[in-house]
Amino acid sequence: RQAVRLAPRDGTAHVALAAALLSLGNLPDGLAAMKRAATLEPRNGKIQLHIGKIWQAKGNQDGALTAYQRAVSLNPNLVEAQEAVGDIHMERQDIV
């Protein structure tokens, strides 16, 4: 939290805070910190990938799918995000 206080406009600091909160099992605050990082770094596909993972951990497949799709649109080389999109569609038996 101190890194965020010292550098409130640094997306990396918010990602680090989110990681710490998530490691403690605090999904709501971890998600909030990751969303703040996404606001500060709107073109960072990896942040969207992490948001998708958090939504998925919370059981929100729609939120996860949206974030994963955003990650792929920002960085088409994010194989993990591509696979996550496919996995969700397969689970839902959606036709892509």
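Biologist: Is the crossing of helix 2 and helix 3 left-handed or right-handed?

Modeller: The crossing of helix 2 and helix 3 is left-handed, that is, the near helix is turned anticlockwise from the far one by less than a right angle. Please note that this is a predicted model, in which local features need pLDDT of at least 70 and side-chain atom pairs count only at pLDDT 80 or more, while totals for chains, interfaces and linings use all residues. Residues are numbered from 1 along each chain as its sequence is written, and side-chain values use heavy atoms, with hydrogens and water left out. Helices are DSSP runs (H or I, at least four residues), numbered from the N terminus.

Biologist: At what angle do the axes of helix 2 and helix 3 cross?

Modeller: The axes of helix 2 (residues 11-23) and helix 3 (residues 27-40) cross at roughly 165° and come within 8 Å. Axes here are lines fitted to C-alpha atoms over the stretch in contact, with angles from 0 to 180 degrees between N-to-C directions. Helix 2 is therefore roughly antiparallel to helix 3, a label for angles over 145 degrees.

Biologist: Which residues of helix 2 meet helix 3?

Modeller: They are Gly 11, His 14, Val 15, Leu 17, Ala 18, Leu 21 and Leu 22. Contact means heavy atoms within 4.5 Å.

Biologist: Is His 14 buried or exposed?

Modeller: His 14 is buried, with a relative accessible area of 7%. Buried means under 20% relative accessible area, exposed over 50%, and partly exposed in between (1.4 Å probe, protein chains only). Not counting residues up to four places away in sequence, His 14 touches Val 4, Pro 8, Ala 33, Arg 36, Ala 37 and Leu 40.

Biologist: How do helix 3 and helix 4 pack?

Modeller: Their axes are 10 Å apart, at an angle of about 160°. That makes helix 3 roughly antiparallel to helix 4, and this crossing is left-handed.

Biologist: Turning to helix 6, which of its residues are buried?

Modeller: Ala 81, Ala 84, Val 85, Ile 88 and His 89 are the buried residues of helix 6. Seen down the axis of helix 6, they fall within an arc of 130°, so they line one face of the helix; the arc is that of the directions from the helix axis to the C-beta atoms.

Biologist: What covers that face, and which residues are exposed on the other side?

Modeller: The cover of the buried residues includes helix 4 (45-57) and helix 5 (61-74). Met 90 and Glu 91 are exposed on the other side of helix 6.

Conventions:
Helix = DSSP H or I, 4+ residues; strand = E, 2+ residues; numbered from the N terminus. Parallel < 35°, antiparallel > 145°, perpendicular 65-115°, else oblique.
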